Amino acid sequence: MAIPVIDLAELHGDKRSKTMTSLHEACEKWGFFQVDNHGVDKKLMEKVKEMVNDYYDKNLKEQFYESEMTKSLNKNEKISDMDWESTFFICHHPNSNINQIPNITKQLCETMEEYIAQLIKLAETLSELICENLGLDHNHIKQTFSGAKGPSIGTKVAIYPQCPNPDLVRGLREHTDAGGIILLLQDDQVPGLEFLKDGQWFRIPPSKNNTIFVNTGDQIEVISNGKYKSVLHRVMAEKQGNRLSIATFYNPGSDAVISPAPELLYPGNYQFGDYLKLYSTTKFLEKGPRFESMKTTMVNGHHG
């Protein structure tokens with residue numbers, strides 16, 4: 001099986017319908033996909049990866065390998081309550097913390113901010129396409145995610161260091177992502193990321209040509225009323241080299257109120273007799289409009 005690849009350039013031509021169908025199937029059947037021709041400057045992406053690796057080598061590598069976890073692993077002790085990762089988190093919106101990260105250079109700050117500005121545009125584009133596929137107003141996710149100060153956007157920067165005993169520890173334990181749309185700039189050499197697909201762990205290969213790996217989180221599952229489910233994933237520790245992961249989260253604001261889109265809900269709390277009255281005049285028509293009519297009836301508070 002090959003991971004779905006969504007070529008955004010094909011949205012502008014006679015392949016648009018096919019591309020939208022591919023995106024829908026990727027969200028519904030996989031919960032993850034790769035995006036190409038995404039509009040993010042690929043030279044900028046290379047610069048971000050290079051500078052993050054340099055930051056790790058200068059500021060994080062030594063203390064990681066001196067940690068208690070590393071000492072335990074060197075004693076062949078199995079570790080089940082920690083992850084084999086060296087990581088820091090950058091908040092971008094509504095409030096940035098990038099200048100507070102120890103020893104971060106001005107150049108890395110500026111490069112990351114330029115990259116994130118482009119990535120936000122991609123996240124918003126994907127949110128609009130997802131809405132279109134769900135039959136929602138194209139701004140539904142953006143509006144739902146916007147609390148008083150807009151969406152929450154942050155980046156988890158992680159290095160999964162070369163591991164002497166990868167059978168004894170996970171790079172990152174199994175989980176789904178809490179938020180909305182996750183955009184991953186990952187290593188182009190070292191594997192490790194795995195997603196659960198049809199009951200089996202599916203190994204995600206390193207990203208070539210700076211495609212962006214995307215998965216949907218728990219809030220997209222809620223908004224879609226379960227149509228687009230978030231998927232369990234994990235990172236395996238690797239013996240052959242460090243794996244770079246720069247995951248940006250396009251999430252709801254902390255005060256955003258999340259619920260299934262009303263358009264995607266079945267009608268509820270009606271009397272069966274009311275349904276039969278409507279059914280008697282619409283029996284040989286499509287049932288979808290009948291359900292919508294029942295929802296309207298309940299919203300307006302009409303019974304009998």
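Analyst: N209 is exposed, with a relative accessible area of 62% (buried means under 20%, exposed over 50%, and partly exposed in between, with a 1.4 Å probe and protein chains only). The model is a predicted one, in which local features need pLDDT of at least 70, side-chain atom pairs count only at pLDDT 80 or more, and totals for chains, interfaces and linings use all residues. Residues are numbered from 1 along each chain as its sequence is written, and side-chain values use heavy atoms, leaving out hydrogens and water.

Most residues other than glycine have a negative phi, and most peptide bonds are trans. N209, although not a glycine, has a positive phi of about 60°. N209 lies in the loop between β8 and β9 (212-216); strands (E, at least two residues) and helices (H or I, at least four) are DSSP runs, numbered from the N terminus.

β8 belongs to an open sheet of four strands, ordered β5-β10-β7-β8 with antiparallel pairing. The edge strands are β5 (170-175) and β8 (200-203), each of which pairs on one side only; two strands pair if DSSP finds at least two bridges between them.

N269 is another residue other than glycine with a positive phi, near 60°. The loop between β11 (243-251) and α8 (272-282) holds N269, which counts as exposed at 76% relative accessibility.

The peptide bond that joins H93 and P94 is cis, with omega about 10°. P94 is found in the loop between β3 (86-93) and α5.
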